[in-house]
Amino acid sequence: MNPIGQHPAFNHLNGSPAPLRQWDDDTLIRAYLKTCAEPQSEPDPGLFQARLTMFNMRIDELRDLLKKHGRSIDVERDLAAMLYKRKLLLWMSFPIRDLPTEILTTIFRYVVWSSSGADQATQHRLWLTWVCRRFREVALGDQTLWNSVWFRDSPPWRRSLAFIERAGTAPLDIRINEKERPEGVPENARTNLPIITVPQINLILDALIPRIRQLRILVVVLEDMDVIETFMRRFSDAGPPEILERFEMHRTGTPYLWPPEKSAGSGGYLPLNRHPAPKLRWLSLNGLTIDWNTLPPTNLRTIDLRRMCFQACPTSERWSQMLSASPDLFKLSLDAAGPQWTPRRLGSIRPVSLPHLRDLIIGDMSCLFALHILAHMEAPRVMSLALMTLTGQDYGPLMEIMTGRFPEVRLLQIQGMELNKTDVNMMRTVKWFESMPRLKLFKFSQTKSYLLEALLADPRQYRAPDEMDVQPAEGGQEVRPVVCPELSAVYFHTQGDGDVLMLAKGRKEIGAPLKKVYMPSTYQTPATTQEMSMIREFVEQCFITPHMVVTEEEDVIHEEMANSLGLAVKWRRYKR
């Protein structure tokens, strides 16, 4: 049967109460095209024109019927079917190969750049070269279609290396990593996935090093330490990375921290590169280090350091120099890493002003080390704050030092923060929450219930007699102040039974009810399901989400963070 001859049976127009509003939905055509076989011959232009004339005549007749007799669901469905089939006909008969090369190139770029994920982008690029000779010539002639390369094929990576060749002289965005475990396979399950070896990484570097001046983004995820060192050694001597904007290096294997014996006392033995990288804006090192003293001053916008022993970290003085050279720093993430501890008093450290810092993450470190990090900076415009895996001791002093430091926080994330249950810590926690009056979304897990109780407390009970109300009542009336009055949504997992129910119920009782509560389906149990059903009594909406999705509130906050710097952008979530 001809694909245009019949309105596809699987679409929803036949049973739709409003078919004229649905016939133009892209999902209908996408679903239909997936069922179509590849064309085996050139279409007959005469046949297409005859059918187009027939469809137009039938559309006119159906529209006349609606005008004469009024609304009829049967007529509307017939009209929607005709409009739908005509759209398919026009789409299939459009002479796209006759378009000028520059227009066809633009269309191809939209196809590739709108792909959802690296695998789909690779497939789209390959498909474009398989359609016909004209498509292949145009696709291969555009270097920017091929300059984003993720080494996801198997060694010797013929496809990825071919993409690099096709990219010509265009800037290169490169990602290298071992085969990843299939989605849904537990992290502790054996997958027998091969890791990249030293000879194999040298094969990749043989292709990349001659193009060092073209590298714009380089993300490398490797397991073996010898492979990491081989990569860093050759990259440091490769030549000037003149347009390199983003450098990420992640070591996934053991040991957890970069070991002291491979550190020089103020970082590593190898520089990032022996030449300046004047455009470097994003630096991420996870489980490895560099020679910090040879890193040229550059205005970094993202600093992400993780899993470094004491000797692998930059010195306190060098860290202050790095921050001073980065006035546009937007994101700072420190997980078991940061400036080396010095015996001098915290008050003697001169803090660096970071007016553009919006995203701050601190994790897996002692309370004293966290205080040491905060002493190096002033960042009053932080809007997203994450405190991760702060366990093993009492972090009450950290609460106290953070009070008043981040008044602009909209998004707070706490995962596994230890806090002794004392009156002093309750006072610290209440004051800390009260100093973040613009908090809108609170994400938490493995959090003590008495920390959540601080969001229900009357802050007047924890103020000194001479302290004024930070939220004075209008008209002089005595009104109970609310901690974090703008808090509207929480996202929780791995939490104690009844904790979130207590929070939701308490917020409603004090007149500041939550609007939304989120929980990922991966942590759903009979107990949490029952608790969510009880929570619905006290909030507007409850959501059980697939995995750890980015919420609508989080999207809005990230967009606000970007726009606060004068960037007229629309935030887009991405998949890792």
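Good morning, everyone. Before anything else, please keep in mind that what I am showing is a predicted model, and that the values I quote have been computed from it.

Let me start with the whole protein. The secondary structure comes to 17 helices and 16 strands, and the C-alpha trace spans about 85 × 70 × 45 Å along its principal axes. Of the 576 residues in the protein, 47% are buried. If we take the contacts between residues at least 6 apart in sequence, 75% of them join residues at least 24 apart.

Now to the helices, and I will begin with α2, which covers residues 45-69, and α3, which covers residues 73-93. Their axes lie 9 Å apart and the packing angle is about 155 degrees; since an angle over 145 degrees counts as roughly antiparallel, that is therefore how α2 and α3 run relative to each other. The crossing of α2 with α3 is left-handed. On the α2 side, the residues that meet α3 include F48, L52, F55, I59 and L62, together with charged-side-chain positions that you can find on the display, among them R51 and R58. From α3, the partners include V75, L79, M82, L83 and L89, and also E76, D78 and K85. Taken by class, the residues of this contact divide into 13 nonpolar, two polar and seven charged.

The second pair is α5, residues 118-130, with α7, residues 158-166. Here the axes are 13 Å apart and the angle is about 65 degrees, so α5 and α7 are roughly perpendicular to each other. This crossing, too, is left-handed. What does α5 bring to the contact with α7? It brings T122, R125, L126 and T129, and these meet R159, F163 and R166 in α7. By class, that contact has two nonpolar, two polar and three charged residues.

The remaining part of the talk concerns loops, and the loop between β1, residues 148-151, and α7 deserves a careful look. P156 lies in this loop, and the peptide bond that joins P155 and P156 is cis, with omega of about 10 degrees. W157 is found in the loop between β1 and α7 as well, and although it is not a glycine, W157 has a positive phi of about 60 degrees. Most residues other than glycine have a negative phi, and most peptide bonds are trans. W157 counts as buried, because its relative accessibility is 2% and the cut-off for buried is under 20%.

There is a further cis peptide bond between T254 and P255, where omega is about -5 degrees; P255 lies in the loop between β4, residues 246-251, and β5, residues 282-286. Another residue with a positive phi, about 55 degrees, is D364, again not a glycine. D364 sits in the loop between β9, residues 359-363, and α11, residues 367-375, and at 30% relative accessibility D364 counts as partly exposed.

I will finish with P314, in the loop between β6 and α10. Is P314 buried or exposed? P314 is buried, with a relative accessible area of 0%. Leaving aside residues up to four places away in sequence, P314 touches S266, W292, W319, G338, P339 and Q340.

Thank you, and I am happy to take questions.

Terms used:
Residues are numbered from 1 along each chain as its sequence is written. This is a predicted model: local features need pLDDT of at least 70, side-chain atom pairs count only at pLDDT 80 or more; totals for chains, interfaces and linings use all residues. Side-chain values use heavy atoms; hydrogens and water are left out. Axes are lines fitted to C-alpha atoms, for helices over the stretch in contact, and angles run from 0 to 180 degrees between N-to-C directions. Helices (H or I, at least four residues) and strands (E, at least two) are DSSP runs, numbered from the N terminus. Angles under 35 degrees count as roughly parallel, over 145 as roughly antiparallel, 65 to 115 as roughly perpendicular and the rest as oblique. A crossing is left-handed if the near helix is turned anticlockwise from the far one by less than a right angle, and right-handed if clockwise. Contact means heavy atoms within 4.5 Å. Buried means under 20% relative accessible area, exposed over 50%, partly exposed in between (1.4 Å probe, protein chains only).
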